[in-house]
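Here's a quick tour for anyone opening this structure for the first time. Have a look at it, then read on.

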Amino acid sequence: MINLETPKKHRALVDQAHQVAMNMLRPISRKYDRAEHAYPKELDMLAAMIDGLSESGASEGAGATGVRRDESKDSGTVRNGSNLASVMSVAEMCWGDTGLLLSMPRQGLGNSAIASVANDEQLERFKGRWAAMAITEPGVGSDSANITTTAVLDGDHYVINGEKIYVTSGDRADSVVVWATLDKSLGRAAIKSFVVEKGTPGMKVERLEHKLGIRASDTAVIIFTDCRVPAENLLGSPEVDVKQGFAGAMATFDNTRPLVAAMAIGCARASLDLTRDLLAEAGVVVDYDRPGQLQSAAAAKFLQLEADWEGAQLLTMQAAWMADNRKPNSLEASMAKAKAGRVGSDITLSCVELCGSVGYSEGELLEKWARDSKILDIFEGTQQIQQLIVARRLLGLTSAQLK
Ligand SMILES: Cc1cc2nc3c(=O)[nH]c(=O)nc-3n(C[C@H](O)[C@H](O)[C@H](O)COP(=O)(O)OP(=O)(O)OC[C@H]3O[C@@H](n4cnc5c(N)ncnc54)[C@H](O)[C@@H]3O)c2cc1C
């Protein structure tokens, strides 16, 4: 039987993440929204605490940690593992602040890429590093198979040349996982990811972007000019397997998309919780046990938003649970990201609408959450791209057949 409750083994972690979000992230949320590009130094202490919890085994992932399908741990029984733990704790942390979650040391999306694609030796070598992820280029966004950054083998190094834009944590992270092609003529199969350590000669952070939301998070333009990277920093196999195509690099998204969906769920939950309180203060009490059409228009609208939120949450939990149980989850990861990204934006903006001028002004965080949530429907694959992936999978069509 399907049990939709938070698994018992993860309840302590979820509670802990909620406490951290409430007591450590919320109080500094507005400060770093205003102080764009200032480093939230309070997060260092928090990161140390999370490291401590991970080392003690008390936590299976309290941030945007990497997730790996470890066949050796397959017990043959249904498990609720680190993927589920990660999405639930990420959602709680984003209930606190999405920009600050994205700024947490050692919890970058590059860490998920390493965890998904690295071999065991690399996993050990890059343990404890904070890794950003650099795919997007000036001429390449959704069409990530067309990247032009090159990596050419020269002795025991790869020489990387190209420009990456919109790299989350690109300035602050210890390293950046860079997508580059070994040979453009071999197509998408030749795209590999490389861990480039911060400070490597030839790697230059050109500038930071000013943004609508998630202002606590740094977003960098990075230029690579004859940047020499040790050959052993190519993640996974250097072989170009034309049959496997893009599958290796894309495997990263099966793990990161549910995490981004979880961010949207957390941010939207924050908006719903505050809006329900503000509506109650204004005399509109939402009754979850009565049909919407028998209540006020505001309450009915709120119930519809709750239903959207629940659908997104269940899809996200499903995608993570499938990864924990080693079931292919590309379809479900995209479904979760599409639904949560879309309803996340809709919910946060609708909450501003329901609360009127109180929602729109800086006295509350509702307007900030409406700004923060939009990016979650854009990065790691936009709404339209997720829908395209879902359609291709359901119809059994290739990317060449359905564009
Ligand atoms: C704050 C921020 C942080 C980011 N962080 C990172 C990061 O850490 N690493 C990284 O590599 N990138 C990052 N990105 C980049 C992000 O992943 C891209 O912006 C995203 O993939 C979309 O690419 P694009 O902006 O080039 O838009 P485009 O691909 O040009 O798309 C423009 C519009 O057209 C739509 N569209 C495109 N193709 C199709 C199609 N075939 N069918 C229908 N509609 C289509 C899109 O959905 C979108 O609405 C970040 C971006 C931002 C703003």
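Helices (H or I, at least four residues) and strands (E, at least two) are DSSP runs here, numbered from the N terminus.

## Before we start

This is a predicted model, where local features need pLDDT of at least 70 and side-chain atom pairs count only at pLDDT 80 or more, while totals for chains, interfaces and linings use all residues. Residues are numbered from 1 along each chain as its sequence is written, and side-chain values use heavy atoms, leaving out hydrogens and water.

## Around the ligand

Let's begin with the ligand. It has 19 residues around it, and T136, S142, Y166, T382 and Q384 are the closest; a residue counts as near if one of its heavy atoms lies within 4 Å. By type, the shell splits into 11 nonpolar, 6 polar and 2 charged residues. Domain 2 (131-233) and domain 3 (247-395) each supply at least three residues to the shell, with domain bounds taken from an automatic or database domain assignment.

Now for the nitrogen atoms of the ligand. An N or O atom in the side chain of T136 sits 2.7 Å from a ligand nitrogen. Y166 comes in with a backbone N or O atom, 2.8 Å from a nitrogen atom of the ligand, and T168 has a polar side-chain atom 2.8 Å from a ligand nitrogen. On its own the ligand has 970 Å² of accessible area, and the protein covers 64% of that (Shrake-Rupley method, 1.4 Å probe; for residues, only the protein chains shown count as cover). The elements giving two or more residues to the shell are β1 (131-134), β3 (157-168) and α11 (383-395).

Is D33 buried or exposed? D33, found in helix α1 (residues 11-34), counts as buried because its relative accessibility is 3%. The cut-offs are under 20% relative accessible area for buried, over 50% for exposed, and partly exposed in between (1.4 Å probe, protein chains only). Setting aside residues up to four places away in sequence, D33 touches R215, K368 and R371, where contact means heavy atoms within 4.5 Å. With R371, the side chain of D33 also makes a side-chain polar contact at 2.8 Å. A polar contact is a pair of N or O atoms within 3.5 Å; within protein, one must be able to donate a hydrogen and the other to accept it, and residues adjacent in sequence count only if both atoms are side-chain atoms.

E306 lies in helix α8 (residues 297-324) and is buried too, at 9% relative accessible area. Beyond its neighbours up to four places away in sequence, E306 touches R269, L272, R276 and Y288.

## An enclosed helix

Helix α5 (residues 109-117) is largely enclosed by the rest of the structure, because 7 of its 9 residues are buried. Those are L109, G110, N111, S112, A113, I114 and A115.

## Two loop residues with positive phi

S169 isn't a glycine, yet its phi is positive, near 65°. S169 lies in the loop between β3 and β4 (175-181) and is buried, at 2% relative accessible area.

E380 isn't a glycine either, and has a positive phi of about 60°. Its place is the loop between α10 (366-374) and α11, and at 11% relative accessibility E380 is buried.

Technical notes: Nonpolar A, V, L, I, M, F, W, Y, C, P; charged D, E, K, R; others polar.
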